[in-house]
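Please open the structure in your viewer and keep the selection tool at hand. The tour moves from one selection to the next.

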Amino acid sequence: MEIKRYIDPLNDIAFKKIFGSDPNKDLLIDFLNQVLRGRKNIVDLIYNKNEHHGMAKDEGSVSFDLLCTGDKGERFLIEVQRERHANFKERSIYYSSRLVTEQAPRGKMKQWNYDLKEVYLIAILEDFDIDISDKEYLFDVCFYRPDTGKIFYDKLRHTYIQLRNFVKTGKDLDSDLDKWLHVLKYITQMDKMPAYLRKPIFKKMFDIAEYSNLTKEERMKYDASVKQKWDNYSALETAKQDGKIEGKLEIARKMKLKGFPVEEIIELSGLTAEEIEKL
C-alpha cells in the first residue's frame, strides 16, 4: 500500500491517536474552542470512556468516537462519520439525548431540580451532507421558537461540519477554524507543514500525525483500517460496474431501504427513476 507522510485524521485509529489522549488534549481543546466560536471557552477536559451503558439492564450500550467532560461539567461528544448514514440526524439526537438523561440521579432517588449540564455534539462528516440541499460547511442546531426565531433552550447543541463543502486553501484561510478544517481535509495530501499553518498547535498536530512516528503496533492497526476502507470501496465499485441488471437492482433496493435520495441512487446504480420507483 502507498504510504503517505501523514496519517488521515478522519480514520478512527488516527483520530483517537491525535485527539484522544491526555498528552494531546491541548489539540482537542483548541479545535473545540474554534468550532464553538466563542460560545464556550474550554480550559480543561477529562476524557471519558467511549463505551456508554444504559441506565437499565435491558437498555443497549452505545460506543462514541470521543467523549469528554469540560471543567464546568459540560459534555462534549465528537463523532466522525466518513460515509453516508441514512439516519444520521436521528443517531445524533439519540446519542446526545443519552448524555442528557444519564444526568438524573441513579439508585435511591434524591432531591433533584433538573439542573442539567450542557451537552455539545460535534459531528465531522467527510463525504456527505446531512441535508443534501444544504451546501454550508458548518452550522449549529439548537431548540428555538419558530414563531419568533429566539432560542428556547441552548444547553443541547449540535454542530455539523460538512467537510466536502469546505474548499478554502492557503491564503483564503481566514481563521484558526479554517486552518483546522483545512488540515483535517487535506493533511494526507501534504508532504510537509505549509508556511501558512506555522503555529505551535499545528506543528504538534503534524508531528503526531507523521506516519513514521507511529509505533509498530499503531502502524499495523492503522494500515489494517485503511485497507478495510479500500476493500469496502472496491466492493462497491465492482458492484456498480457490474452490467447485470440484477446487480444494479440489488444495489438500488438496498440504498432505497437505507433512505438514500433518489437522485443519488440514480447516480450510483445507473437505473432510471421509473425503475427505482418500482422497487
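What follows is a walk through a helix, a single side chain and a cavity.

This is a predicted model, in which local features need pLDDT of at least 70 and side-chain atom pairs count only at pLDDT 80 or more, while totals for chains, interfaces and linings use all residues. Residues are numbered from 1 along each chain as its sequence is written, and side-chain values use heavy atoms, leaving out hydrogens and water.

Select helix H8, residues 262-269; helices here are DSSP runs of H or I with at least four residues, numbered from the N terminus. Its buried residues (under 20% relative accessible area, 1.4 Å probe, protein chains only) are Glu264, Ile265 and Ser269. Seen down the axis of H8, they fall within an arc of 110°, taken from the directions from the helix axis to the C-beta atoms, so they line one face of the helix. The face turned away carries Glu263 and Glu267, which are exposed (over 50%).

Next, select Phe31, in helix H2 (residues 25-36), which counts as buried because its relative accessibility is 2%. Among the residues that Phe31 touches, not counting those up to four places away in sequence, are Phe19, Ile124 and Trp180; contact means heavy atoms within 4.5 Å.

Finally, which residues line the largest cavity? Select Ile7, Ile13, Ala14, Lys17, Leu214, Glu218 and Tyr222. A cavity is a set of points on a 1 Å grid over the protein atoms alone where a 1.4 Å probe fits but cannot get out, and lining residues have an atom within 4 Å of a point. Helix H1 (12-19) and helix H6 (216-241) each give two or more residues to this lining.

Terms used. On a 1 Å grid over the protein atoms alone, a cavity is a set of points where a 1.4 Å probe fits but cannot get out, and a pocket is an open set with protein on both sides within 12 Å along at least five of seven lines; lining residues have an atom within 4 Å of a point.
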